[in-house]
Amino acid sequence: MELLSLQQSLSTQLLKKSNISILKTDTWSVPVHSVNITYKPISRTKMDILMKMILQSVANNAFENAEQLSEILLVEQLFIQDLLSKMQKTGLITKVDSHYQQTEKGQKQLQSGVFEEEQDIKTIELLYSPSHHLFLNGDIEEVLEYEDFPEQLYRYHKQEEELSIQNEQVIKGIQAFEQPDLDDNGENLSVTPSIDSIEDIQINDIPCIEFILYDEEQDHFTVRVWNTLIDNWDEKLEQVIFQKEQSTWRENYLQKNN
């Protein structure tokens, strides 16, 4: 694919309004990091009624095995045993002096009515842009098909020696790009990742096309930036450029031409 062809197509689109003129066109690249994230999903579901009954029972009485609980709760012993094993594995109950006891974690989850369970470790590769302070959604392989990459970098990009992303932002990024799992009833599970590691794999230069526009009827300047990764206009970069430069555009582009 040719960036020049895309630029010409976008120019035609922008000039459909007769009162609009393009004062400047430029191409540059914005650095975007490929980030490999290892995390452990923690699923949150409404606590099962039987699980609540077991937690309440072991908190108030001394039970040694599934058979005793089965007799009290009038539930098949096999079901009780499976659930006891699951609750021990997830730390809701423990055995002390041969008796089951509710843990602090079990007490908190019983009070909230929400069962939390750690899932198997997963990895995901996301694209993070320090210029946007966001994870971006796009296909990097499609971007690499462009033949004429700009050598010039986005002028407000800040080079960082080490990529720094807050855990809260990483969690939101994973939740935005991962498909939700389903519970036994076919409903979406609420999943919050526990971040294990973040590895900055490589930096990708993403071509962007910038247009400075002037509306003669409104006597108004705007900037449009096409980001080839998101395959759309990039409002975040447009906002930054407009705030930093719009005060100079009249002098630079109109008065010089008069």
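**A hairpin and what follows it**

Modeller: Ile93 stands opposite Gln102 in S3. This is a predicted model, with local features given at pLDDT of at least 70 and side-chain atom pairs at 80 or more, while totals for chains, interfaces and linings use all residues. Residues are numbered from 1 along each chain as its sequence is written, and side-chain values use heavy atoms, without hydrogens or water.

The partners are S2, residues 93–96, and S3, residues 99–102, which run antiparallel and are joined by four bridges. Strands are DSSP runs of E of at least two residues and helices runs of H or I of at least four, numbered from the N terminus; a pair needs at least two bridges. Two residues separate S2 from S3 in this hairpin, and one turn residue, Asp97, has a positive phi of about 55°.

Positive phi values also occur in loops elsewhere. Leu74, a residue other than glycine, has phi near 60° and sits between helix H3 (66–73) and helix H4 (77–89). Leu74 is exposed at 75% relative accessible area, where exposed means over 50%, buried under 20% and partly exposed in between, with a 1.4 Å probe and protein chains only. For Asp219, phi is near 50°; its loop joins strand S7 (190–215) to strand S8 (220–227), and its relative accessible area of 38% makes Asp219 partly exposed.

Helix H5 covers residues 104–112, and its buried residues include Gly106, Gln109 and Leu110. These three are on the same side of H5, because they cover an arc of only 105° around the axis, the arc being taken from the directions from the helix axis to the C-beta atoms. Glu104, Lys108 and Gln111 are exposed on the face of H5 turned away from that buried side.

The twelve residues of H1, 3–14, should span 16 Å at 1.5 Å a residue, and the end C-alpha atoms are 16 Å apart, which agrees; the expected span is 1.5 Å times one less than the number of residues.

Ser131 is buried, with a relative accessible area of 11%. Its C-alpha atom is 33 Å from that of Asp120, eleven residues away along the chain.
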